[in-house]
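Please look at the model shown here. The text below goes through a pair of packed helices and then the nonpolar cores.

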Amino acid sequence: MNLTSNEIITILLFLLPGFVTAAIFFSYTSHLKPSPFERVIQALVFTIMNHAAVEAIRLCGRTLHWLSMKLDVVWIYVTVSRVASIFDLVPEVLLYVVIAVLLGFTAVYITNNDTFHRILRKYKFTVEDSYPSEWYSAFAQSRTYVVLHLIGQRRLYGWPKEWSGNPDNGHLLISECEWLDGEQRIPVQGVDTMLIPD
């Protein structure tokens, strides 16, 4: 099958929003990047979601326009006409990219705050959360001081500022560090934060 350059450009412009959304999602969440094949599949899912969102916006505009005509409400008709004329001036690819960016950051917010999974847990659909691992979940859901038991029987008390998504790979960034000696706390002098390998 031989595609012309115009057909290739059309296909790429059709797929572009999904890849933009996927790039934002994997850039701003702690989830491990899947294999290239899985990333393409996820980008295709995001493409469908982007196109559905744009069509929903268009449907809302047409519905408002129709309602304003039926109800003879001039100010709604004028407002919808002005907004529609602005959208006519914006290239379609730009509209899709704007929606892709908004969808990407919405997906990042929902994932990083466990929003969707929290609702599903409330209604007993799942016991899972949206975090990449139990390790990450424990730090994200319980924002509190921690005690790290280090090699050599040393214990470090402090506030976890940053942590990796995987306990086998990465570091913990601990602030307000204190060594624990029995029940006694010994502040770490001259150090603002400590980087501890997981």
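The crossing of α1 and α4 is right-handed. This comes from a predicted model. Two packed helices are described by the angle between their axes and the distance between the axes. Here helix α1 spans residues 5-28 and helix α4 spans residues 92-112, and their axes come within 8 Å of each other and cross at roughly 30°. Angles under 35 degrees count as roughly parallel, and α1 and α4 are therefore roughly parallel to each other.

Which residues in α1 and α4 meet? From α1, the contact takes in Leu13, Leu16, Pro17, Val20, Thr21, Ile24, Phe25 and Tyr28. Across from them, α4 supplies Val93, Tyr96, Val97, Ala100, Val101, Leu103, Gly104, Phe105, Ala107, Val108, Thr111 and Asn112. By type, the residues of this contact between α1 and α4 are 16 nonpolar and four polar, with no charged residue.

In soluble globular proteins, nonpolar side chains tend to be buried together. The largest nonpolar core in this model has 14 residues, of which Leu148, Leu156, Leu172, Ile174, Met194 and Ile196 touch the most other members. Two or more residues of this core come from each of α6 (134-141), β1 (146-149), β2 (155-163), β3 (171-181) and β5 (193-197). Strand β3 gives the largest share, four residues.

Leaving aside residues up to four places away in sequence, Met194 touches Leu156, Leu172, Leu173, Ile174, Cys177, Trp179 and Val188. Another core, of nine residues, lies apart from the largest one, and its members include Ala22, Ile24, Phe46 and Ala107. Of these, Ile24 in α1 and Ala107 in α4 are also among the residues of the helix contact.

How values were computed
Residues numbered from 1 in each chain as written. Predicted model: local features only at pLDDT ≥ 70, side-chain atom pairs only at ≥ 80, totals over all residues. Heavy atoms only, no water. Axes fitted to C-alpha atoms, helices over the stretch in contact; angles between N-to-C directions. Parallel < 35°, antiparallel > 145°, perpendicular 65-115°, else oblique. Left-handed = near helix turned anticlockwise from the far one by under 90°. Contact = heavy atoms within 4.5 Å. Nonpolar A, V, L, I, M, F, W, Y, C, P; charged D, E, K, R; others polar. Core = buried A, V, L, I, M, F, W, Y, C linked by side-chain atoms within 4.5 Å. Buried < 20%, exposed > 50% of the residue type's maximum accessible area, 1.4 Å probe, protein only.
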